[in-house]
Amino acid sequence: MRFFHIQGERFIELAQLPADLPAAGFLWASYERGEFDQHYGEFQQHLQRWDCGQLVDLHTADLLNKQLPSNFDYTSWYDLLIFTRLAALPGLEERPADDEAGRLAAAQAAFAAIETSPLGFAVFDHVLLTVHPEGCPVREFFAGKLGQLTEGRDLRGSARLPTSPAELMLRMVNHLVDSYLELRRLLTRHLGTLQRALMEGNSHFDNWPLLLTARDTLHRLEEISEDQRSAVQEWIDALDEWPVSIDPAVQRDRELLRVRSRDVLEHIERVLTHVRRLESSSEAAVQMHFSALGHRTNAIMRTLTVLTAIFLPLNLITGIFGMNFDGLPLIHKAAGFWIAFGLMLTLGLGLGLYFWRKRYLGTRH
Amino acid sequence: MRFFHIQGERFIELAQLPADLPAAGFLWASYERGEFDQHYGEFQQHLQRWDCGQLVDLHTADLLNKQLPSNFDYTSWYDLLIFTRLAALPGLEERPADDEAGRLAAAQAAFAAIETSPLGFAVFDHVLLTVHPEGCPVREFFAGKLGQLTEGRDLRGSARLPTSPAELMLRMVNHLVDSYLELRRLLTRHLGTLQRALMEGNSHFDNWPLLLTARDTLHRLEEISEDQRSAVQEWIDALDEWPVSIDPAVQRDRELLRVRSRDVLEHIERVLTHVRRLESSSEAAVQMHFSALGHRTNAIMRTLTVLTAIFLPLNLITGIFGMNFDGLPLIHKAAGFWIAFGLMLTLGLGLGLYFWRKRYLGTRH
Amino acid sequence: MRFFHIQGERFIELAQLPADLPAAGFLWASYERGEFDQHYGEFQQHLQRWDCGQLVDLHTADLLNKQLPSNFDYTSWYDLLIFTRLAALPGLEERPADDEAGRLAAAQAAFAAIETSPLGFAVFDHVLLTVHPEGCPVREFFAGKLGQLTEGRDLRGSARLPTSPAELMLRMVNHLVDSYLELRRLLTRHLGTLQRALMEGNSHFDNWPLLLTARDTLHRLEEISEDQRSAVQEWIDALDEWPVSIDPAVQRDRELLRVRSRDVLEHIERVLTHVRRLESSSEAAVQMHFSALGHRTNAIMRTLTVLTAIFLPLNLITGIFGMNFDGLPLIHKAAGFWIAFGLMLTLGLGLGLYFWRKRYLGTRH
Amino acid sequence: MRFFHIQGERFIELAQLPADLPAAGFLWASYERGEFDQHYGEFQQHLQRWDCGQLVDLHTADLLNKQLPSNFDYTSWYDLLIFTRLAALPGLEERPADDEAGRLAAAQAAFAAIETSPLGFAVFDHVLLTVHPEGCPVREFFAGKLGQLTEGRDLRGSARLPTSPAELMLRMVNHLVDSYLELRRLLTRHLGTLQRALMEGNSHFDNWPLLLTARDTLHRLEEISEDQRSAVQEWIDALDEWPVSIDPAVQRDRELLRVRSRDVLEHIERVLTHVRRLESSSEAAVQMHFSALGHRTNAIMRTLTVLTAIFLPLNLITGIFGMNFDGLPLIHKAAGFWIAFGLMLTLGLGLGLYFWRKRYLGTRH
Amino acid sequence: MRFFHIQGERFIELAQLPADLPAAGFLWASYERGEFDQHYGEFQQHLQRWDCGQLVDLHTADLLNKQLPSNFDYTSWYDLLIFTRLAALPGLEERPADDEAGRLAAAQAAFAAIETSPLGFAVFDHVLLTVHPEGCPVREFFAGKLGQLTEGRDLRGSARLPTSPAELMLRMVNHLVDSYLELRRLLTRHLGTLQRALMEGNSHFDNWPLLLTARDTLHRLEEISEDQRSAVQEWIDALDEWPVSIDPAVQRDRELLRVRSRDVLEHIERVLTHVRRLESSSEAAVQMHFSALGHRTNAIMRTLTVLTAIFLPLNLITGIFGMNFDGLPLIHKAAGFWIAFGLMLTLGLGLGLYFWRKRYLGTRH
Ligand SMILES: [Mg+2]
Ligand SMILES: [Mg+2]
Ligand SMILES: [Mg+2]
Ligand SMILES: [Mg+2]
Ligand SMILES: [Mg+2]
Ligand SMILES: [Mg+2]
Ligand SMILES: [Mg+2]
Ligand SMILES: [Mg+2]
Ligand SMILES: [Mg+2]
Ligand SMILES: [Mg+2]
Ligand SMILES: [Mg+2]
Ligand SMILES: [Mg+2]
Ligand SMILES: [Mg+2]
Ligand SMILES: [Mg+2]
Ligand SMILES: [Mg+2]
Ligand SMILES: [Mg+2]
Ligand SMILES: [Mg+2]
Ligand SMILES: [Mg+2]
Ligand SMILES: [Mg+2]
Ligand SMILES: [Mg+2]
Ligand SMILES: [Mg+2]
Ligand SMILES: [Mg+2]
Ligand SMILES: [Mg+2]
Ligand SMILES: [Mg+2]
Ligand SMILES: [Mg+2]
Ligand SMILES: [Mg+2]
Ligand SMILES: [Mg+2]
Ligand SMILES: [Mg+2]
Ligand SMILES: [Mg+2]
Ligand SMILES: [Mg+2]
Ligand SMILES: [Mg+2]
């Protein structure tokens, strides 16, 4: 657990929770989930001492839950946001396989192993509580970046310190959403592999479990994005109900907070659009695969029919001249065989030509 | 029927309905459906004596109905919630079958036998009336637990007594929702059995009635969850219309009630998401099954075509040399047969090689 | 046409429309559609004399329309509800057929002959006008029941007389909705017949017109229920806009009216859910039918392929030994035939075993 | 272009636009689209002189557009309604074809040639401007009917003159909606032809372009009806925002206008329901067609398999006795042939019986 | 970057941003994206000097983003609209291919290369900022047209200068929407090519990647249009919240702005309807293609079955008379062969006739 005091241009790490709230700026208290499980009683006592109200027990339970979908709730003391992080597990990217089997196995592994653990935020007026999964890179990123402020021009605003717990929360949420970008590259690559396997070697595809995993994964991602969107949408709705201030500086801050919230929402919607496009494109590829399969079956049937149509009459002729009748015509003539053979040749070629003309035998099967 | 008086830290079972409402705390009157059918007249009289208004006749009929879907209604005197319990019937879990046929039969039994009986709640200001199915374990659970309060830390709040009829109702509803967890294990296991039957022994699956039952069951569960969600959503909407109090303690209680209600709603939505995921995943498995079947038909067609294509020409050759022409070439030469046989061997192997190259004969069928 | 005066505990049939409105209670004027077509002018004059306003011409036209879907409209003088009755035509139930063809014909007849004629209600403050199809059993039922009031306990409220035109209208609408129950038994039975025909004798089903009729019927029932729901929902919305009274008795009546209206709405929603479940279940049965058909085609293909694969090589052997080469091996040896026959037997059995092992020949086709 | 002055019971055609607005009643100015293109400047000048405001340029452009979908817009001076007329082109009905090919060609022509040109209405307080397609029968119908008023009883209200521009507009829109009735007969007949072609001669249907045209046509009709519904819905919403009057006569007129508007909306919804039913029924017929085709393919496969299964063993026997082995059994016995022939007959009939029993050979193909 | 001052009838290009805002009229500052990236600091300083507030950093980032979907946002100082331009890339139209392969390749190229870059608008009270993609023809078009005003009658209003930044923005957006018209011609042509390829040469279509591209393209166009619609809808909603003015001229301008905004919205909805119609029509064509394919497979199966059914019995006869029995009947008679041959001929023709009668052999395959 790490504690910070942020005020104007200063960003100071504290060794422990202060006995009193600082007169200006705000506190950021960040815990890993395990740490919060042990210390939430202590945190509650500090909240009470700071006159910030109390975390409701149900919310504490939500913050400790490792599986909760994205969610927003509120009380008169604070707003609570649970936000699922969508990220590629480290190590998934390392070895690009050489052969198709390897690539499909890698895709299977990737679809099955997307990290989706929730971060919890409780936004008080002057305190931000964040609860992270174990080893969460997001906390370290922000603890580091906010301390430095060394970047040059950054239009998305991280070049200056956040002025309120809500702004810090929104920046962290935006960072979580942008982490989808990495995942996006990964998903696009593995779905491309799958699509190629479906379209190219089309008649031998049989990796149904992979296809099932891919569909379930995309459907789950869509659900997660939809939950993220609802949660942020509810945050925006709650923001509009915050008590109005007549101080122009507060009004300005509030307006910027709203702009930033809508920006986060728009980022989530772009992720959602992208996931839906992947879903729709995968479904189309599966459809095309089976369409091609139908064409192929049709071509095979045509071949079978043509073979049957050519050889059955020829076999009939040989059968006729193979009968044991004494009076079988032609058989005792010298040219008899060649006449029959010529007849068979003509018939075979004629039938072949006929079917080729009727396009039963295409060049493409 | 059992009656309780709950006040602050005390939880007392009463022998019968008291003549007057206690000055503080609230009453909980619980009936089984059959008991309520016999005693609702008496309960109405007590309500009138306590100055709590009257149960509307239509609502009494709803409380006695064994098949009503989840539903919320209200009058100025009380709120009425009918809430369907989703639970695995006892005994369904006992013997895990050894062979696949047994497992499929167990799945069939499980899908057909999910218990979905409704509990009824009438929430007055100081009285909670609950009407249970016969032998309902929920009443005994709460009668027992509330009497003991012996558990340690419990963040979901059951370590302290409820402070109002509404809170007790919400805790019972939450308990009902969580009972889906057991069912979830059961459903997941049996759908897994079905999925394996569809994917593995793919060409011999013919248990269509089981598939139909599974689909109907999941669709019914989705409907039930949607009705649960609407009912609780309407309860939350009604809660917002309750008259405002200026007493801060009442305001605080009301706020906690709202948090708890939204928590129940979120639990129901998680059940709904899970049911929909099962539905979508089952439909995908069925699709994959038929896709695999299509591939298999295609492979069989290819085999048939190749067999025909190889043997018909060979048969033609034997037919030719089986004709009774006097002048048939080769037949009187010593090596004649071996020449013909060599020709046939070459032709057979050549055609086989050709089709193997064109991947008509894959290693996987 | 029949006219009634209802006041408190009294229910009196009048010979004709009274010249003046009774001082207390309300009037119920009921017409068959044909009667109303002849007498609406007269009814309008009475309305004017009673100072109840006028029926708008467009509404009179709606009341006379035999095909109108369920609908709600209002003016400042009255509310108008058109409500479609869903009922099984009498006589459809009589002879349960003995054989399947008879049962399918009965199903066809039943699907094509569901009665869906509309009843019209105009609800004034102290007058209820109802317009019925010819020979409508609903009017006789209510005229009879309200006159007797002899039943014992009846929680749905028909044991006491309605206190307002609106309540009487709601009771009649509820009666109409409950008449779906009969139809429900009929539909369930005939759809069961159809489902069994699809699943059991699966490869010979060809009664497509019946299937088309069943689907169209269910779709039409869904539409009708949706229209019923919209109409009652709009009635409930209009009810909330009625002018507020400060008389507690009026407030109480109004509240009970709202409870009753929501109860009717809930009944309609249950019908709608049931119809949708039938629809979804029928579609699933059709899908399963074609799935089973696909399996069967696959099994037939496998049989054909195995037959071809076993007999073509055997035929080739007979062909070879049927050729007329002088130097054909084995043919002049005594055991020659038996060697060839043994070879053919071995090959045939070996191929049979091979395909049996590869599960080309299952026990189930 | 024709101009009328309507006041109370009088309906007078004017030679030209009057210099001043009449003191009572209202004006109806009707143009064909080409006429309005030439004279809209002049009409604008009259509007200004009458102090009725100005048509916004964008609206003038909409009124001149021949392809605009149904649409509603408003300004503080007037309301603008564009409403698409759905009608059968004259001449489509004339010759009912004798043979199926002729009927299908007639259907193709009918689907491709439904007239859907827009009428424009601008509703001022005392002026109605209508812009019609060339040769529009609607204007002539109303100019004629309103002048006569000779019909007897007409509940839909056309037996008396409209009292405001809005009422006249609504009557004309209602007339446009009812013109769907004719089209409905036509569509139902041609879709019936198509359905019969799909179901009866089921294995030879190949008129895909007609099917495509029918589907596109129905989809387009659905869109048009949805646009009509939105436009009238928006008109109704706008009506509720009209300034309130305290004059009871004005209030009464306004109420009747609302009743009439909702009536038009209900008519449109009935058209929409009908179009959707046609759509859904067509899709079902197409599905059934392919289902029947699948059954037929299955039956053909069964026939092929049975033929193969019967003749291949018989051919094998002839092959065996056709081999040239010296020691072939039976061949030198007198009854040898008849023994073999009996064996073949028995085998053939036995196999035939076996397959007939297993229902491979049904009576229905 | 180009700057303009628009006031009443005057349209003047400025060399640089003026130090002070002009007393009347408004400024239009237009940048290409690259230019704005370099000069946005300077523009911010001018905004501050003119007392117009500040562009929020997040919005500046949006204006610089090359990939943002259509979007609307607002602050108390300005409204921000990002609007995606849908246009055919220049050069796509040039060479209409002669053969089908060339046309399909052109379609592939066209679907893959639709330009969809966003334009950004920031609408201040007296300043319009527009940010264009590099080489955007829209800016040059407006800079040119507004300077000339030489056209004659133009009902859509571009014959007079815009009176506010919002009106200029709406005119530019409308111009962007209308640029879909060109694209529409292109799309319709290429989809027609694809449709013909699917329907005509139906059994050989295998250009699945093109089909996939076409579907993805149409789906993407639908998304883009939906985003455009949402953005303009939000603009219209924001317009309704603008502070009310009591100046009639301002009110009139505001009303015209709303009319124009709704007109733009209606244009976008027409594009959306058109895109959806193309989508639905493409899906129908694909379905028809596979339906036709199924018919063809069925016809081929019929042919195969008839061939087998005719030749197998004939072959059996030849086999019988080819057996080596001494007592084979007929073979030693003079007419023996001709009797057998006649039998075979009769049987073959009889079977052919039988199948022709049962319509197994249609004229259409
Ligand atoms: Mg989904
Ligand atoms: Mg979803
Ligand atoms: Mg969800
Ligand atoms: Mg999308
Ligand atoms: Mg979709
Ligand atoms: Mg559903
Ligand atoms: Mg549902
Ligand atoms: Mg439901
Ligand atoms: Mg979901
Ligand atoms: Mg879902
Ligand atoms: Mg669905
Ligand atoms: Mg539906
Ligand atoms: Mg519907
Ligand atoms: Mg409907
Ligand atoms: Mg449902
Ligand atoms: Mg449903
Ligand atoms: Mg569904
Ligand atoms: Mg559906
Ligand atoms: Mg639709
Ligand atoms: Mg639609
Ligand atoms: Mg549509
Ligand atoms: Mg539409
Ligand atoms: Mg409908
Ligand atoms: Mg429908
Ligand atoms: Mg539909
Ligand atoms: Mg879509
Ligand atoms: Mg979409
Ligand atoms: Mg989409
Ligand atoms: Mg989208
Ligand atoms: Mg549309
Ligand atoms: Mg559509």
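Two strands are taken as paired if DSSP finds at least two bridges between them, and the views below, all drawn from a predicted model, begin with such pairing.

**View 1. Strands E3 and E9 of chain D pair in the parallel sense.** Strand E3 (residues 26-32) and strand E9 (residues 127-132) of chain D are joined over six bridges. Within this pairing, D:Glu32 has D:His132 of E9(D) as its bridge partner.

**View 2. An open sheet of seven strands in chain D has mixed pairing.** The strands follow the order E2-E1-E3-E9-E8-E5-E4, and the edges are formed by strand E2 (10-14) and strand E4 (71-74) of chain D, each of which pairs on one side only. On average, neighbouring strands of this sheet are turned by 15 degrees against each other, with direction ignored.

**View 3. Helices H2 and H7 of chain D against the sheet.** Helix H2 (residues 57-64) of chain D packs on the sheet and touches E4, strand E5 (79-84), strand E8 (118-123) and E9 of chain D, its direction making about 20 degrees with that of E5(D). Helix H7 (residues 208-240) of chain D lies across E4 and E5 of chain D and runs at about 160 degrees to E5(D).

**View 4. Two segments of chain A listed by UniProt as "transmembrane region".** The unreviewed entry gives residues 304-323 and 335-356 of chain A. Residues 304-323 of chain A are 90% helix and 0% strand, with end C-alpha atoms 28 Å apart, while residues 335-356 of chain A are 95% helix and 0% strand, with end C-alpha atoms 31 Å apart.

Terms used
Residues numbered from 1 in each chain as written. Chains lettered and ligands numbered in written order. Predicted model: local features only at pLDDT ≥ 70, side-chain atom pairs only at ≥ 80, totals over all residues. Heavy atoms only, no water. Helix = DSSP H or I, 4+ residues; strand = E, 2+ residues; numbered from the N terminus. Axes fitted to C-alpha atoms, helices over the stretch in contact; angles between N-to-C directions. Contact = heavy atoms within 4.5 Å. UniProt positions renumbered as here; feature names shortened; annotations may be inferred.
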